[in-house]
Amino acid sequence: AARGIADAILAIESKFSRVQKMMLAIHGKSPGHRISVRAIARVGDYSSPEAAFEDYAEIARRICDELAYLPGQRRKEQYPGIALLFDEEVVIGSVTSETTLTLRPEIVKALELLAW
């Protein structure tokens, strides 16, 4: 699974912004692979924690699209694809600067394979 995710990230790397790449790299190297939305928001110039998370969720959506992966039955209040990246279930409108996100082990391994 991790190799497939790494291959998908590599295939679409050019679609990621510099900030999105930095978000993944920083998150992958954070202690316990946990990071607050506040810390992620510092990577880019975002108007709100929700805006930072929406950009991060875009990463998840792109990876899922590349893998042709539909994680479960997405409810309309959930961000598309976040179940692939994070252990936490995050719903639209619930993100604050204190929200903590934990990368799933497969994502951490994929980032390690890519040497991000």
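Contact here means heavy atoms within 4.5 Å. The model described is predicted. By that criterion, Q20 touches K15, D55, E58 and I59, leaving aside residues up to four places away in sequence. Q20 itself sits in helix α2, which spans residues 18–29. The residue is buried, because its relative accessible area is 3% and the cut-off is under 20%. One of its neighbours is also a polar partner. The side chains of Q20 and D55 form a polar contact at 2.9 Å.

Two helices were examined as a pair. Two packed helices are described by the angle between their axes and the distance between the axes. Helix α1 covers residues 2–12 and helix α6 covers residues 105–113. Their axes come within 8 Å. They cross at roughly 60°. The arrangement of α1 to α6 is therefore oblique. The crossing of these two helices is right-handed. From α1, the contact draws on A2, R3, I5, A6 and I9. From α6, it draws on E106, I107, K109, A110, L111 and L113. By class, eight of the residues in this contact are nonpolar and three are charged. No polar residue takes part.

Two residues stand out for their backbone angles. Most residues other than glycine have a negative phi. H33 has a positive phi of about 55°, although it is not a glycine. H33 lies in the loop between α2 and β1, the latter being residues 34–36. Its relative accessibility is 24%, so H33 counts as partly exposed. A68 also has a positive phi, near 55°, and is a residue other than glycine. A68 belongs to the loop between α4 (49–67) and α5. With a relative accessible area of 70%, A68 is exposed.

Attention then turned to S97. This residue is found in the loop between α5 (82–85) and β2 (100–102). S97 is partly exposed, at a relative accessible area of 22%. Residues up to four places away in sequence aside, S97 touches S36, V37, R38 and P49. The side chain of S97 makes a polar contact with the side chain of E98, at 3.5 Å. S97 and R34 are 63 residues apart in sequence. In space, their C-alpha atoms are 14 Å apart.

Two further residues were placed against partners elsewhere in the chain. C64 is in helix α4. Its relative accessibility of 4% is under the 20% cut-off, so C64 counts as buried. C64 and A8 are 56 residues apart along the chain. Their C-alpha atoms are separated by 8.6 Å. A115 lies in the segment after α6. A115 is exposed, with a relative accessible area of 68%. A115 and A25 are 90 residues apart along the chain, and 8.9 Å separates their C-alpha atoms.

Technical notes
Residues numbered from 1 in each chain as written. Predicted model: local features only at pLDDT ≥ 70, side-chain atom pairs only at ≥ 80, totals over all residues. Heavy atoms only, no water. Axes fitted to C-alpha atoms, helices over the stretch in contact; angles between N-to-C directions. Helix = DSSP H or I, 4+ residues; strand = E, 2+ residues; numbered from the N terminus. Parallel < 35°, antiparallel > 145°, perpendicular 65-115°, else oblique. Left-handed = near helix turned anticlockwise from the far one by under 90°. Nonpolar A, V, L, I, M, F, W, Y, C, P; charged D, E, K, R; others polar. Buried < 20%, exposed > 50% of the residue type's maximum accessible area, 1.4 Å probe, protein only. Polar contact = N/O pair within 3.5 Å; in protein donor to acceptor, adjacent residues only side chain to side chain.
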